[in-house]
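Thanks for coming, everyone. I have one structure to walk through today. Let me put it on the screen.

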Amino acid sequence: MTTHGGASENDDFAICEAEREPDPSDSLRTFGAVVQALREHAGLSRVQFGELVRFSKHTVESVELGRRMPDESFVDRAEGATGNTGALKNAAPHLSRGEAGLAAWFRQWARLEKVAVSLCAYECRLVPGLLQSEAYARAVFEGTAPVAPDDQLADYMSKRMERQRMLFERPTTPFSFIVEEHVFRRRFGDEQQMRELYDHVLALSAPRNVTLQIVPFEAGLHACLDGPVRLLETPRGQRLGYSEGQQNGRLIADAKEVSLLYQRYDTLRSQALNAKDSRGLLERLRGEL
């Protein structure tokens, strides 16, 4: 999900349809607001300002709204057009396009994860990101299309591994994972990498606050067949959901819809193997390699 603003650990989260499109980073929005304030203080319209900086009024608008990263020439000319205050040149080195290593539509959920008092995840496609081994995560990122440049791949890997620290750094926060058996049977890399994946998942799910349940093949059809889902509760008791598809994600705040997702998750929890038997299944899969 791409919404960035508004929610904090002390505020309830509100969502509207328009917030499903990528938002600019906080630094770009702040920079854009400063550009607009300086332009207006100079008594310039966007058309007039665009002529001075030699960019179209549409580019000026995009920068002011935080939708575009300004290049060096824009910053230099904007400084001259607004009185050479130094504000824009000093701010430009600190601009960023967002949180490196996270898909735009996932950033808001990642921020909510950091303050959640409980987290649940059902996954039927791949091992949940919070449980992935380094080799598994790299294989997932390398298999995406279009291919990510090496520098972006490094950011993705760093952010993925960083998120996993939550499982150990927050020992009183309950984490619940329900994963389909076929996810753990899907091969990648060589046998050693598969063993490392099983060992990694077993280690991360060992703490008392982390519960992993596997849905076995014989469980048949169940209530969560609509797809993966994540659920969390905020410090103020608000429950939120998140679902993801091809190149998009959706943060769910509607109380009725979230309640339905929790009902489905709780039903599936009763159909999945318990934590002990789930660990036993992973150990058997490891032994079969």
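Let's start with a question: does K89 count as buried, partly exposed or exposed? Keep in mind that this is a predicted model. K89 has 46% relative accessibility. Exposed needs over 50%, and buried means under 20%. So K89 counts as partly exposed.

Where is K89? It lies in helix α5, residues 87–91. Leaving aside residues up to four places away in sequence, K89 touches V75, D76 and E79. Look also at E72, 17 residues from K89 along the chain. The C-alpha atoms of K89 and E72 are 8.9 Å apart.

R39 sits in helix α1, residues 26–41. Its relative accessibility is 5%, so R39 counts as buried. What does R39 touch, beyond residues up to four places away in sequence? The list is L44, S45, R46, F49, E64 and T82.

Next, helix α11, residues 191–204. At the start of α11, a side-chain oxygen of D190 comes within 3.2 Å of the backbone nitrogen of Q192.

Which residues of α11 are buried? They are M194, L197, Y198, V201, L202 and L204. An α-helix has 3.6 residues a turn, so residues three or four places apart point the same way. Check that spacing against the buried set on the screen. The cover over these buried residues includes α7, α8, α9, α10, β3 and α13.

On to the cores. The largest nonpolar core has 35 residues. Within it, V127, L131, F177, F184, V201, L212 and L282 touch the most other members. Helix α11 supplies the largest share of this core, six residues. There is also a second, separate core of 16 residues, including F31, L44, V63 and F74. In general, nonpolar side chains in soluble globular proteins tend to be buried together.

Zoom in on L131. Among its contacts beyond four places in sequence are F177, V201, L204 and L212. L131 also touches Q164, L167 and H200.

Last stop, the strands. Strand β3 is mostly covered, with five of its six residues buried. How do β2 and β3 run, parallel or antiparallel? They run parallel, and six bridges join β2, residues 175–180, to β3.

Technical notes:
Residues are numbered from 1 along each chain as its sequence is written. This is a predicted model: local features need pLDDT of at least 70, side-chain atom pairs count only at pLDDT 80 or more; totals for chains, interfaces and linings use all residues. Side-chain values use heavy atoms; hydrogens and water are left out. Helices (H or I, at least four residues) and strands (E, at least two) are DSSP runs, numbered from the N terminus. Buried means under 20% relative accessible area, exposed over 50%, partly exposed in between (1.4 Å probe, protein chains only). Contact means heavy atoms within 4.5 Å. The expected span of a helix is 1.5 Å times one less than its number of residues. A polar contact is a pair of N or O atoms within 3.5 Å; within protein, one must be able to donate a hydrogen and the other to accept it, and residues adjacent in sequence count only if both atoms are side-chain atoms. A nonpolar core is a set of buried Ala, Val, Leu, Ile, Met, Phe, Trp, Tyr and Cys residues joined through side-chain atoms within 4.5 Å. Two strands pair if DSSP finds at least two bridges between them.
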